[in-house]
Amino acid sequence: MFENLQDRLGSVLKGLTGRGSLSEADVAAALREVRRALLEADVALEVVRDFTARVREKAVGADVLKSIKPGQMVVKIVHDELVEMLGSEGVTLDLNAPAPVVIMMVGLQGSGKTTTTGKIAARMTNRDRRKVLMASLDTRRPAAQEQLKQIGEQTSVDTLPVIKGQDPVAIAKRAVQAAKLGGHDVVILDTAGRTHIDEPLMVEMADIRKVSNPHEILLVADSLTGQDAVNLARNFDQRVGITGLVLTRMDGDGRGGAALSMRAVTGKPIKLIGTGEKMDALEEFHPKRIADRILGMGDIVSLVEKAAETIDAEKAQAMAQKMAKGKFDLDDMAEQLKQMQNMGGMGGIMGLMPGMGGMKEKMAAAGMDDSVFKRQLAIISSMTKYERAHPDVLKNSRKKRIAAGSGTSAADINKLLKMHRQMSDMMKAMGGKGKGKMKQMMNMMGGGMAGGMGGMPDLSKLDANQLAELEKKAGGLGGSGGLPPGGLPGLGGPKLPGLGGGFGGFGKGKKK
């Protein structure tokens, strides 16, 4: 979402950090470029003006211009002001009210209200152990109520039975009553939208609010809509009164201006962001982490949280024990590939690692996108159990059969086997005399890893101080976004474990 802005701001701020001293003219020139970058990212003009004015006021002070590293001080000021623009602290959904807590979802048609309703309900059910009832108040869009029913079946969340001909206000009343009788903790009202804001829509929203008395009113906005999203937020806030924002399609290739503008314009916090189509693709919004991503500093804490949610601790432990013995077969490799896919693929992981943002473009240029992993999993799935455990038996006749079964070629199979050999060699090295290096890597990532490439600390067992320490360690990875000198500890450069510097046979890795 923020890649273009990240590139532009990165180049501007890099020019500042490379200088021994800064004049007011240097700061003014850099701020002109920052202003241009923000406007090109579709950030609202009033927000850009306020932002650059605040940065200029702090950046031309004597403390900055006469400091030992004035360039880095300016980067810190820009970072802090970005955090301030996005909201100083992350704000979560407020469920501190008598049950059933009513959450009302509002927004334009096509913004993703129904899908987001399902995501929030699934999250509360699975993670927070709340009993949730979903109700569709959208009587205008064909099959809207049926869609929510299907999502309810998919996520095992209760939905209000549909009664034909009932108007939205009557459905809202019935939903609250049904939630009380059914012992539900939360009831989520999925309201109707329009293609644009009109008076009947606002009157309907106000009537629903009156009868349901919602504790939270969440405006669902498509982050790709740019400036219109800002006007939308302002209108809904004035007429209905919103308590928070949910931005959808944050995984898209939009310019990100809506996310930076809406919080500043409305003063209402962004509470959640949608990062994909799947029901678990929903994240809490953390201003500091988003600012870190925009300035290329990575987001290790989010990476660890994502790993803790997606990685099976028992499988990771079993794999760690195998790796300690220097064993690593194709089943293990398939498990690693699946874990990477669950964490957002190679691109998603790279975007969260400090100093690795630019690697995504290099990977794409080398043909190393996530479709490669899908082909590799298809190849491994086409093998017999014996072949996966003993890859050395794969000769030409077997490769032809596997290629036909997976829709790939013998060359693809050879690349996979080469990648496996490189990863296996590394595991053997770490399992033997390289145990110290493996421990060093684990300490760098915050300690207490479950094992191997995939294991991460279990955040459910970390207290606030430990989490803060982890974030502090992450911030130490290169200061303004770089990896430590020499790359990842023990790996001789900024290479990914097991990918041999050349992405495991897909680039220019050395032949064994």
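In this predicted model, the axes of helix 9 (residues 199–212) and helix 10 (residues 227–239) come within 10 Å and cross at roughly 50°. Axes here are lines fitted to C-alpha atoms, for helices over the stretch in contact, with angles from 0 to 180 degrees between N-to-C directions; helices (H or I, at least four residues) and strands (E, at least two) are DSSP runs numbered from the N terminus. Helix 9 is therefore oblique to helix 10, the class left once angles under 35 degrees (roughly parallel), over 145 (roughly antiparallel) and 65 to 115 (roughly perpendicular) are set aside. The contact, meaning heavy atoms within 4.5 Å, is made by E199, L201, M202 and M205 of helix 9 together with N235, F236 and R239 of helix 10.

F236 also belongs to the largest nonpolar core, which has 71 residues; L189, L219, F236, L260 and M262 are those with the most contacts inside it. Such a core is a set of buried Ala, Val, Leu, Ile, Met, Phe, Trp, Tyr and Cys residues joined through side-chain atoms within 4.5 Å. Helix 5 (residues 70–86) gives the most to this core, with eight residues. Apart from this core lies another, of 23 residues, including F328, I402, L416 and M427. In soluble globular proteins, nonpolar side chains tend to be buried together.

Leaving aside neighbours within four places in sequence, L219 is in contact with V106, G107, L232, A233, F236, I242, G244, L245, V246 and M262.

Most residues other than glycine have a negative phi, and most peptide bonds are trans. The table lists backbone exceptions.

| Site | Backbone value | Location |
|---|---|---|
| A99 to P100 | cis, omega near -5° | P100: loop between helix 5 and strand 1 (101–106) |
| R249 | phi about 55° | loop between strand 6 (244–248) and helix 11 (257–266) |

R249 is partly exposed, with a relative accessible area of 40%. Buried means under 20% relative accessible area, exposed over 50%, and partly exposed in between (1.4 Å probe, protein chains only). R49, found in helix 3 (residues 45–59), is likewise partly exposed, at 47%. R49 and L38 are eleven residues apart in sequence and 10.0 Å apart in space, C-alpha to C-alpha.

Residues are numbered from 1 along each chain as its sequence is written, and side-chain values use heavy atoms, without hydrogens and water. Local features need pLDDT of at least 70 and side-chain atom pairs count only at pLDDT 80 or more, whereas totals for chains, interfaces and linings use all residues.
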